[in-house]
Amino acid sequence: MLKMTHRKLVEQKRPYAINSRANGRVITTVREDGKLKQISAVTMKDMLDKLYLFYFENKKNLTLNDLFPQWK
């Protein structure tokens, strides 16, 4: 159930499509610090895990507003 929630969150957040290469690897693009960066993975599951970490667990300076928006 947790993986399904992660997948839905990633699908809502990502603006770029996820594509497959001829060799079977999965690739997509993300924007980091104003620049485009390509991410690749072996499987779609691995890609979704990488994107979840990028979008939701890669924050360096979290505030209470970020962690608890409803509490605010």
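This is a predicted model: local features need pLDDT of at least 70, side-chain atom pairs count only at pLDDT 80 or more; totals for chains, interfaces and linings use all residues.
View 1. Residues are numbered from 1 along each chain as its sequence is written, and side-chain values use heavy atoms, with hydrogens and water left out. A pair of aromatic rings is described by the distance of the centres and the angle of the planes. For F54 and Y55 the values are 5.2 Å centre to centre and 75° between the planes, an edge-to-face arrangement. Rings of Phe, Tyr and Trp (its six-membered ring) pair if their centres lie within 6.5 Å; planes under 30 degrees apart are stacked, over 60 edge-to-face, the rest tilted. A search of the whole structure finds one aromatic pair.

**View 2. The largest nonpolar core, with 12 residues.** Its members are V10, I18, V26, V30, I39, A41, M47, L48, L51, Y52, F54 and Y55. Such a core is a set of buried Ala, Val, Leu, Ile, Met, Phe, Trp, Tyr and Cys residues joined through side-chain atoms within 4.5 Å. β2 (26–32), β3 (35–41) and α2 (44–56) each give two or more residues to this core. The largest share, six residues, comes from α2. Helices (H or I, at least four residues) and strands (E, at least two) are DSSP runs, numbered from the N terminus.

**View 3. Contacts of L48.** Neighbours within four places in sequence are left aside. L48 is then in contact (heavy atoms within 4.5 Å) with R7, V10 and I18. V10, I18 and L48 all belong to the largest nonpolar core.

**View 4. The hairpin of β2 and β3.** The two strands pair in the antiparallel sense over seven bridges. Pairing requires at least two DSSP bridges between strands. R31 has L36 in β3 as its bridge partner. Two residues lie between the strands.

**View 5. D33 in the loop between β2 and β3.** Most residues other than glycine have a negative phi. D33 is not a glycine, yet its phi is positive, about 55°. D33 counts as exposed because its relative accessibility is 75%.

Notes:
Buried means under 20% relative accessible area, exposed over 50%, partly exposed in between (1.4 Å probe, protein chains only).
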